[in-house]
Amino acid sequence: MIRLVSLDLWETLIKDEGEGERGRDELRADFIIKTLGLQSSYKDQIMAFFDELVEAFKHPSIENEWSVLPETQIDHLLQRIGVNAKKEDFKKILSYYTECILDYPPVFAEKEVPEVLENLKKKYKVALISNTGRTPGRILLKLLENMRIAKYFDFFAFSDELLLRKPDPAIFGIACSKMDTLPEESVHIGDSYNMDYLGAKAARVNPILYIPYNERPKAEVYIKSLVEIEDKIKEAYEN
Ligand SMILES: [Mg+2]
(Lines give C-alpha, C1' and ligand atoms only; values in the text may rest on other atoms or scores of the structure.)
Protein backbone atom coordinates (compact mmCIF):
# COMPACT_ATOMS: atom_id res chain seq x y z
CA MET A 1 0.00 0.00 0.00
CA ILE A 2 1.29 3.42 -0.93
CA ARG A 3 1.48 5.89 1.95
CA LEU A 4 3.88 8.57 0.75
CA VAL A 5 3.93 10.53 -2.48
CA SER A 6 6.96 12.72 -3.13
CA LEU A 7 7.29 15.17 -5.98
CA ASP A 8 10.07 17.00 -7.74
CA LEU A 9 9.74 20.81 -7.93
CA TRP A 10 11.25 22.34 -11.09
CA GLU A 11 9.61 21.34 -14.37
CA THR A 12 7.23 19.14 -12.41
CA LEU A 13 5.23 21.52 -10.19
CA ILE A 14 6.63 24.85 -11.33
CA LYS A 15 8.25 26.15 -14.50
CA ASP A 16 9.48 29.42 -15.89
CA GLU A 17 7.78 31.34 -18.62
CA GLY A 18 9.58 33.56 -21.11
CA GLU A 19 13.07 34.65 -20.01
CA GLY A 20 12.86 32.71 -16.77
CA GLU A 21 16.13 31.87 -15.04
CA ARG A 22 18.13 33.47 -17.86
CA GLY A 23 16.33 36.73 -17.16
CA ARG A 24 16.99 36.40 -13.42
CA ASP A 25 20.67 35.67 -14.15
CA GLU A 26 20.90 38.91 -16.15
CA LEU A 27 19.53 40.76 -13.14
CA ARG A 28 21.93 38.95 -10.81
CA ALA A 29 24.86 39.85 -13.07
CA ASP A 30 23.80 43.51 -13.21
CA PHE A 31 23.45 43.59 -9.41
CA ILE A 32 26.92 42.10 -8.87
CA ILE A 33 28.47 44.58 -11.31
CA LYS A 34 26.73 47.51 -9.62
CA THR A 35 27.49 46.37 -6.05
CA LEU A 36 31.18 45.76 -6.71
CA GLY A 37 31.58 48.78 -9.00
CA LEU A 38 32.83 46.63 -11.89
CA GLN A 39 33.00 47.55 -15.55
CA SER A 40 30.07 46.31 -17.61
CA SER A 41 32.51 44.20 -19.64
CA TYR A 42 32.41 41.69 -16.75
CA LYS A 43 28.88 40.74 -17.68
CA ASP A 44 29.86 38.21 -20.35
CA GLN A 45 32.14 36.41 -17.90
CA ILE A 46 29.43 36.33 -15.25
CA MET A 47 26.88 34.97 -17.72
CA ALA A 48 29.42 32.34 -18.86
CA PHE A 49 29.75 31.31 -15.23
CA PHE A 50 25.98 30.77 -15.05
CA ASP A 51 26.23 28.42 -18.04
CA GLU A 52 28.88 26.46 -16.17
CA LEU A 53 26.63 26.42 -13.10
CA VAL A 54 23.73 24.96 -15.07
CA GLU A 55 26.01 22.18 -16.33
CA ALA A 56 27.01 21.44 -12.73
CA PHE A 57 23.31 21.20 -11.79
CA LYS A 58 22.69 18.76 -14.63
CA HIS A 59 25.57 16.50 -13.63
CA PRO A 60 25.99 16.49 -9.84
CA SER A 61 29.43 15.14 -8.90
CA ILE A 62 32.09 15.42 -6.23
CA GLU A 63 34.02 17.82 -8.48
CA ASN A 64 31.16 20.30 -8.54
CA GLU A 65 30.09 20.13 -4.93
CA TRP A 66 30.74 23.89 -4.85
CA SER A 67 27.45 24.24 -6.72
CA VAL A 68 25.34 22.87 -3.83
CA LEU A 69 25.14 26.16 -1.87
CA PRO A 70 24.50 29.70 -3.18
CA GLU A 71 27.34 30.99 -0.94
CA THR A 72 29.88 28.70 -2.55
CA GLN A 73 28.44 29.41 -6.02
CA ILE A 74 29.14 33.12 -5.49
CA ASP A 75 32.61 32.35 -4.09
CA HIS A 76 33.34 30.31 -7.19
CA LEU A 77 32.01 33.06 -9.46
CA LEU A 78 34.16 35.76 -7.81
CA GLN A 79 37.23 33.54 -8.06
CA ARG A 80 36.44 32.86 -11.71
CA ILE A 81 36.30 36.55 -12.59
CA GLY A 82 39.22 37.39 -10.28
CA VAL A 83 37.39 39.82 -8.03
CA ASN A 84 37.27 40.19 -4.24
CA ALA A 85 34.21 41.33 -2.36
CA LYS A 86 34.01 42.97 1.05
CA LYS A 87 31.97 41.01 3.59
CA GLU A 88 29.06 43.45 3.45
CA ASP A 89 29.00 43.46 -0.36
CA PHE A 90 29.07 39.67 -0.38
CA LYS A 91 26.06 39.66 1.94
CA LYS A 92 24.16 42.08 -0.30
CA ILE A 93 24.94 39.98 -3.35
CA LEU A 94 23.90 36.79 -1.59
CA SER A 95 20.53 38.28 -0.60
CA TYR A 96 19.77 39.53 -4.09
CA TYR A 97 21.04 36.33 -5.74
CA THR A 98 18.89 34.07 -3.58
CA GLU A 99 15.74 36.21 -3.26
CA CYS A 100 15.48 37.47 -6.83
CA ILE A 101 13.00 34.69 -7.65
CA LEU A 102 10.38 36.16 -5.30
CA ASP A 103 10.08 39.24 -7.51
CA TYR A 104 10.29 37.27 -10.77
CA PRO A 105 8.46 34.07 -9.89
CA PRO A 106 7.82 30.97 -11.98
CA VAL A 107 4.32 29.65 -12.70
CA PHE A 108 2.60 26.32 -12.11
CA ALA A 109 3.68 23.63 -14.55
CA GLU A 110 -0.03 22.89 -14.99
CA LYS A 111 -2.83 25.09 -13.74
CA GLU A 112 -4.29 22.11 -11.83
CA VAL A 113 -1.23 21.85 -9.50
CA PRO A 114 -3.03 23.15 -6.35
CA GLU A 115 -5.99 20.85 -6.94
CA VAL A 116 -3.73 17.84 -7.61
CA LEU A 117 -1.81 18.44 -4.38
CA GLU A 118 -4.99 18.98 -2.39
CA ASN A 119 -6.33 15.62 -3.58
CA LEU A 120 -3.06 13.79 -2.93
CA LYS A 121 -2.94 15.25 0.58
CA LYS A 122 -6.32 13.65 1.37
CA LYS A 123 -4.94 10.15 0.76
CA TYR A 124 -1.18 10.26 1.25
CA LYS A 125 1.62 11.94 3.08
CA VAL A 126 3.13 14.39 0.61
CA ALA A 127 6.79 15.41 0.36
CA LEU A 128 8.82 17.62 -1.94
CA ILE A 129 12.28 16.44 -3.02
CA SER A 130 14.15 19.18 -4.83
CA ASN A 131 17.68 19.82 -6.01
CA THR A 132 18.01 23.52 -5.34
CA GLY A 133 20.15 25.82 -7.46
CA ARG A 134 20.64 29.54 -7.06
CA THR A 135 17.58 29.70 -4.81
CA PRO A 136 17.97 27.89 -1.48
CA GLY A 137 15.24 25.83 0.21
CA ARG A 138 14.27 28.52 2.69
CA ILE A 139 13.46 30.94 -0.15
CA LEU A 140 11.73 28.25 -2.24
CA LEU A 141 9.53 27.64 0.78
CA LYS A 142 8.55 31.34 0.75
CA LEU A 143 7.87 31.06 -2.98
CA LEU A 144 5.62 28.03 -2.40
CA GLU A 145 3.84 29.95 0.37
CA ASN A 146 3.31 32.87 -2.03
CA MET A 147 1.94 30.39 -4.58
CA ARG A 148 -0.30 28.96 -1.82
CA ILE A 149 0.85 25.35 -2.13
CA ALA A 150 3.33 25.01 0.77
CA LYS A 151 0.48 23.84 3.03
CA TYR A 152 0.03 20.61 1.08
CA PHE A 153 3.47 19.25 2.02
CA ASP A 154 4.38 17.28 5.14
CA PHE A 155 8.10 17.39 4.43
CA PHE A 156 10.56 19.31 2.28
CA ALA A 157 13.81 17.69 1.21
CA PHE A 158 15.94 20.49 -0.22
CA SER A 159 19.42 19.55 -1.40
CA ASP A 160 21.08 22.67 0.06
CA GLU A 161 19.72 21.81 3.51
CA LEU A 162 20.45 18.09 3.45
CA LEU A 163 23.70 18.46 1.47
CA LEU A 164 22.50 15.60 -0.71
CA ARG A 165 21.43 15.82 -4.32
CA LYS A 166 19.29 13.61 -6.48
CA PRO A 167 19.98 11.07 -7.90
CA ASP A 168 21.67 10.12 -4.62
CA PRO A 169 19.27 7.51 -3.19
CA ALA A 170 19.99 8.84 0.32
CA ILE A 171 17.82 11.92 -0.26
CA PHE A 172 14.82 9.68 -1.02
CA GLY A 173 15.66 7.56 2.02
CA ILE A 174 15.57 10.61 4.28
CA ALA A 175 12.12 11.61 3.02
CA CYS A 176 10.85 8.07 3.72
CA SER A 177 12.32 7.86 7.19
CA LYS A 178 11.10 11.36 8.14
CA MET A 179 7.63 10.34 7.01
CA ASP A 180 7.91 6.98 8.74
CA THR A 181 7.28 5.02 5.55
CA LEU A 182 9.19 2.29 3.79
CA PRO A 183 10.57 3.02 0.31
CA GLU A 184 8.25 0.31 -1.01
CA GLU A 185 5.30 2.29 0.37
CA SER A 186 6.42 5.42 -1.44
CA VAL A 187 6.05 6.87 -4.92
CA HIS A 188 8.17 9.64 -6.43
CA ILE A 189 7.14 11.72 -9.43
CA GLY A 190 9.50 13.92 -11.42
CA ASP A 191 10.46 15.00 -14.92
CA SER A 192 14.10 13.88 -14.91
CA TYR A 193 14.79 10.30 -15.91
CA ASN A 194 18.24 10.33 -14.28
CA MET A 195 17.58 12.36 -11.15
CA ASP A 196 14.00 11.44 -10.34
CA TYR A 197 13.20 8.12 -11.96
CA LEU A 198 16.50 6.31 -11.58
CA GLY A 199 17.32 8.04 -8.28
CA ALA A 200 14.03 6.92 -6.72
CA LYS A 201 14.41 3.44 -8.16
CA ALA A 202 17.88 3.11 -6.66
CA ALA A 203 16.33 3.94 -3.29
CA ARG A 204 13.65 1.26 -3.90
CA VAL A 205 11.00 4.00 -4.09
CA ASN A 206 8.40 3.44 -6.82
CA PRO A 207 9.09 5.93 -9.61
CA ILE A 208 6.76 7.71 -12.03
CA LEU A 209 8.28 9.76 -14.83
CA TYR A 210 6.50 12.99 -15.77
CA ILE A 211 6.68 13.79 -19.47
CA PRO A 212 4.36 16.70 -20.25
CA TYR A 213 5.70 17.22 -23.75
CA ASN A 214 5.58 14.80 -26.62
CA GLU A 215 8.78 13.01 -25.76
CA ARG A 216 9.26 9.34 -26.20
CA PRO A 217 8.95 7.86 -22.71
CA LYS A 218 12.27 6.52 -21.41
CA ALA A 219 10.54 4.72 -18.58
CA GLU A 220 7.81 2.15 -18.35
CA VAL A 221 5.79 4.02 -15.73
CA TYR A 222 5.01 7.55 -16.85
CA ILE A 223 2.31 10.23 -16.91
CA LYS A 224 1.71 13.06 -19.33
CA SER A 225 -0.29 15.19 -16.92
CA LEU A 226 -0.18 15.55 -13.14
CA VAL A 227 -3.90 14.82 -12.96
CA GLU A 228 -3.04 11.20 -13.86
CA ILE A 229 -0.98 10.64 -10.69
CA GLU A 230 -3.61 8.89 -8.56
CA ASP A 231 -4.76 6.55 -11.31
CA LYS A 232 -1.17 5.73 -12.22
CA ILE A 233 -0.31 4.88 -8.61
CA LYS A 234 -3.24 2.47 -8.48
CA GLU A 235 -2.51 0.95 -11.84
CA ALA A 236 1.24 0.51 -11.44
CA TYR A 237 1.88 0.16 -7.73
CA GLU A 238 -1.25 -0.74 -5.79
CA ASN A 239 -2.27 -4.07 -7.22
MG1 LIG B 1 12.71 18.70 -12.32
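Strand 6 and strand 7 (residues 206-210) run parallel and are joined by four bridges, where helices (H or I, at least four residues) and strands (E, at least two) are DSSP runs numbered from the N terminus, and where two strands pair if DSSP finds at least two bridges between them. This is a predicted model, in which local features need pLDDT of at least 70 and side-chain atom pairs count only at pLDDT 80 or more, while totals for chains, interfaces and linings use all residues. Residues are numbered from 1 along each chain as its sequence is written.

**Surroundings of strand 6**

- In the pairing with strand 7, Val-187 has Asn-206 as its bridge partner.
- Strand 6 also pairs with strand 1 (residues 4-7), in the parallel sense and over four bridges, with Leu-4 standing opposite Ser-186.
- A right-handed β-α-β unit is made by strand 6, helix 9 (residues 193-202) and strand 7, right-handed meaning that, with the strands pointing away from the viewer, the path from the first strand over the helix to the second runs clockwise.
- Strand 6 (residues 186-190) is largely enclosed by the rest of the structure, because five of its five residues are buried, that is, 20 or more other C-beta atoms, placed from the backbone, lie within 10 Å of their own.
- In a regular strand the side chains alternate between the two faces of the sheet.
- Both faces of strand 6 are covered, with Ser-186, His-188 and Gly-190 buried on one side and Val-187 and Ile-189 buried on the other.

**Domains and their contact**

- The chain is divided into domain 1 (4-15 + 107-237) and domain 2 (20-103), with bounds that come from an automatic or database domain assignment.
- Between the C-alpha centres of domain 1 and domain 2 the distance is 27 Å.
- Eleven residues of domain 2 are in contact with 13 residues of domain 1, contact meaning that the C-beta atoms of two residues, placed from the backbone, lie within 7 Å.
- On the side of domain 1 that touches domain 2, helix 6 (137-146) and helix 7 (159-162) are the elements that give two or more residues, and helix 6 gives the most, with four residues.

**The chain as a whole**

- The chain has ten helices and eight strands, and 36% of its 239 residues count as buried.
- Among contacts between residues at least 6 apart in sequence, 66% join residues at least 24 apart.
- Along its principal axes the C-alpha trace spans about 65 × 35 × 35 Å.

Note on methods: Buried ≥ 20, exposed ≤ 12 C-beta atoms within 10 Å, placed from the backbone.
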